[in-house]
Amino acid sequence: FLSIKDLTPTEFKTLIDNATTHKKALQSQSSPSAHPAWGLSTSLAGRTIPLLFSKRSTRTRISTEGAVVAMGGHSMFLGKEDIQLGVNESLFDTSVVLSSMTAGIVARVGPHKEIADLAEHSSVPVINGLCDTFHPMQIIADFACLSQSLGCGADGLRGLKVAWVGDANNVLYDMCIGAGKLGMDMAVATPKDYAIPSHIKDMIREAGQGNFSETNTPEEAVKDADVIVTDTWISMGQEEERQNRLRAFEGYQVTEKMAERGGANKDWKFMHCLPRHQEEVSDEVFYGSRSLVFPEAQNRLWSAIAALEGFVVNKGDIKKTDA
Ligand code: CP
Ligand code: NVA
């Protein structure tokens with residue numbers, strides 16, 4: 001599972017709704033082990049899931065480790081100092097060896113090619129925990145969170161307008177592809193030199209059932225938006241570009257005033273995958289009543305369960321969970 005583009009619209013919706021089902025089931029019980037009939041607490045029993053992370057992580061690591069525990073399995077965190085991922089051993093060798101002893105792999109890497117190669121040579125399912133091009137587990141969580149906040153299922157998101165104001169990056173690409181699959185409208189504002197590359201736009205068009213538009217004016221993107229989303233302007237690996245990026249993104253901070261100037265829907269919600277920096281969104285918005293950021297982060301747990309269930313337990317046969 002390398003990107004939302006790998007899913008049919010039905011599979012994507014099922015993963016989103018399964019995340020919400022797991023949330024409700026787990027939150028209604030004191031512990032996952034109270035679910036013998038459900039089978040969640042034993043679905044990974046006796047199985048190991050390595051988390052191969054060559055970049056930092058708070059949410060992806062915690063949610064995935066927590067999900068494996070809730071499913072009765074054992075997660076094994078392997079940071080970049082722990083394992084020879086492309087350092088002293090080929091990716092092919094690592095992939096073959098790792099997959100010969102485990103039930104599935106969750107990996108956070110740099111270039112997309114690394115996770116693609118890992119998946120190609122692995123004999124067990126590989127789930128992308130972020131690469132430089134995609135972040136699919138985040139997008140399941142985002143749309144699950146949004147559907148919960150609106151009190152609908154994934155189907156109910158059709159026709160909503162999402163405005164992205166900020167950098168064109170991994171989170172945005174999977175979000176645009178996902179929005180297209182759900183029939184949501186997506187408007188993207190980036191500075192001119194930081195726009196979505198054309199090969200990604202082709203993927204978005206292929207996924208698309210909703211409207212997709214781009215601009216260099218944040219106020220234009222947020223017009224009639226139901227949701228405004230941003231992310232860091234400096235993704236992991238771009239630290240050296242910091243000064244240039246801060247200059248290029250001036251005027252892109254998400255604020256109440258900017259949303260008002262642009263004519264966002266009066267009940268607009270704010271989302272951000274985190275980690276957050278002050279330059280991309282004001283405190284007023286980030287900590288305000290519109291903000292979904294903390295439930296969004298918590299949804300990473302339910303989404304990780306849904307992804308592990310769909311791809312590792314059920315081997316890619318994505319079906320409605322029995323909970
Ligand atoms: N949103 C997200 O993936 O956070 P981490 O980088 O902390 O995992
Ligand atoms: N775009 C960010 C997302 C972090 C979760 C990055 O790649 O660093």
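I228 has F270 of β9 as its bridge partner. This is a predicted model, in which local features need pLDDT of at least 70, side-chain atom pairs count only at pLDDT 80 or more, and totals for chains, interfaces and linings use all residues. Residues are numbered from 1 along each chain as its sequence is written.

- Strand β8 (residues 227–230) pairs with β9 in the parallel sense over four bridges; pairing requires at least two DSSP bridges.
- Strands (E, at least two residues) and helices (H or I, at least four) are DSSP runs, numbered from the N terminus.
- The open, parallel sheet has the order β7-β6-β5-β8-β9.
- β7 (212–215) and β9 (269–272) are at the edges with a single partner strand each, so one side of each lacks a neighbour in the sheet.

**Four-stranded sheet**
- A parallel open sheet of four strands runs β2-β1-β3-β4.
- Its edges are β2 (74–78) and β4 (126–128), each with a single partner strand.
- Three bridges join β1 (residues 48–53) to β3 (residues 105–108), and F53 stands opposite R108 in β3.

**Nonpolar core**
- The largest nonpolar core has 98 residues; I228 and L308 are among those with the most contacts inside it.
- Such a core is a set of buried Ala, Val, Leu, Ile, Met, Phe, Trp, Tyr and Cys residues joined through C-beta atoms within 7 Å; buried means 20 or more other C-beta atoms within 10 Å of the residue's own, with C-beta atoms placed from the backbone.
- Helix α12 (residues 293–313) gives the largest share, 12 residues.

Technical notes
Chains lettered and ligands numbered in written order. Buried ≥ 20, exposed ≤ 12 C-beta atoms within 10 Å, placed from the backbone.
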